[in-house]
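Visitor: I'm new to looking at protein structures. Could you show me how to read one, feature by feature?

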Amino acid sequence: MAITLKDIANRAGVSLATVSRVLNNDPRLSVSVETRRKIISIAEQLSYTKRPKSQVTGRRIAIVQ
């Protein structure tokens with residue numbers, strides 16, 4: 001089973017958004033160095049890898065006008 005951002009967030013005790021922004025190096029994110037290191041460490045321990053975008057974009061959103 002693939003490791004998800006939610007798995008990392010649960011172990012780190014932070015939000016899913018925080019994990020996403022740390023792993024994507026969002027410069028606008030204001031988290032402590034300790035939290036950033038904790039998230040990255042957990043991701044490495046769990047062997048987290050990003051999925052290629054082609055696998056992520058398989059979902060469709062219905063837009064009603």
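Guide: Happy to. Keep in mind that this is a predicted model. Let's begin with helix 1, residues 5-12, where the buried residues are I8, A9 and A12.

Visitor: What covers the buried residues of helix 1?

Guide: The cover includes helix 2 and helix 3, the latter spanning 33-45. And just after helix 1 ends, have a look at G13: its phi is positive, about 75°.

Visitor: Let's move to helix 2. Is T18 buried or exposed?

Guide: To judge that, check the relative accessible area: under 20% means buried. T18 is buried because its value is 16%. You'll find T18 in helix 2, which runs over residues 16-23.

Visitor: Which residues is T18 in contact with, leaving aside neighbours within four places in sequence?

Guide: Those are L29, V31 and I39.

Visitor: And pockets? What is the volume of the largest pocket?

Guide: It comes to about 300 Å³. The largest pocket is lined by 13 residues, and the closest to its centre are L5, Y48, T49, K50 and R51.

Visitor: How do the residues of that lining divide into nonpolar, polar and charged?

Guide: In the lining of the largest pocket, 6 are nonpolar, 5 are polar and 2 are charged.

Methods. Residues numbered from 1 in each chain as written. Predicted model: local features only at pLDDT ≥ 70, side-chain atom pairs only at ≥ 80, totals over all residues. Heavy atoms only, no water. 1 Å grid on protein atoms, 1.4 Å probe; cavity = no way out; pocket = protein on both sides within 12 Å on 5 of 7 lines; lining within 4 Å. Points joined across faces, edges and corners; volume = space filled by probe spheres on them. Nonpolar A, V, L, I, M, F, W, Y, C, P; charged D, E, K, R; others polar. Helix = DSSP H or I, 4+ residues; strand = E, 2+ residues; numbered from the N terminus. Buried < 20%, exposed > 50% of the residue type's maximum accessible area, 1.4 Å probe, protein only. Contact = heavy atoms within 4.5 Å.
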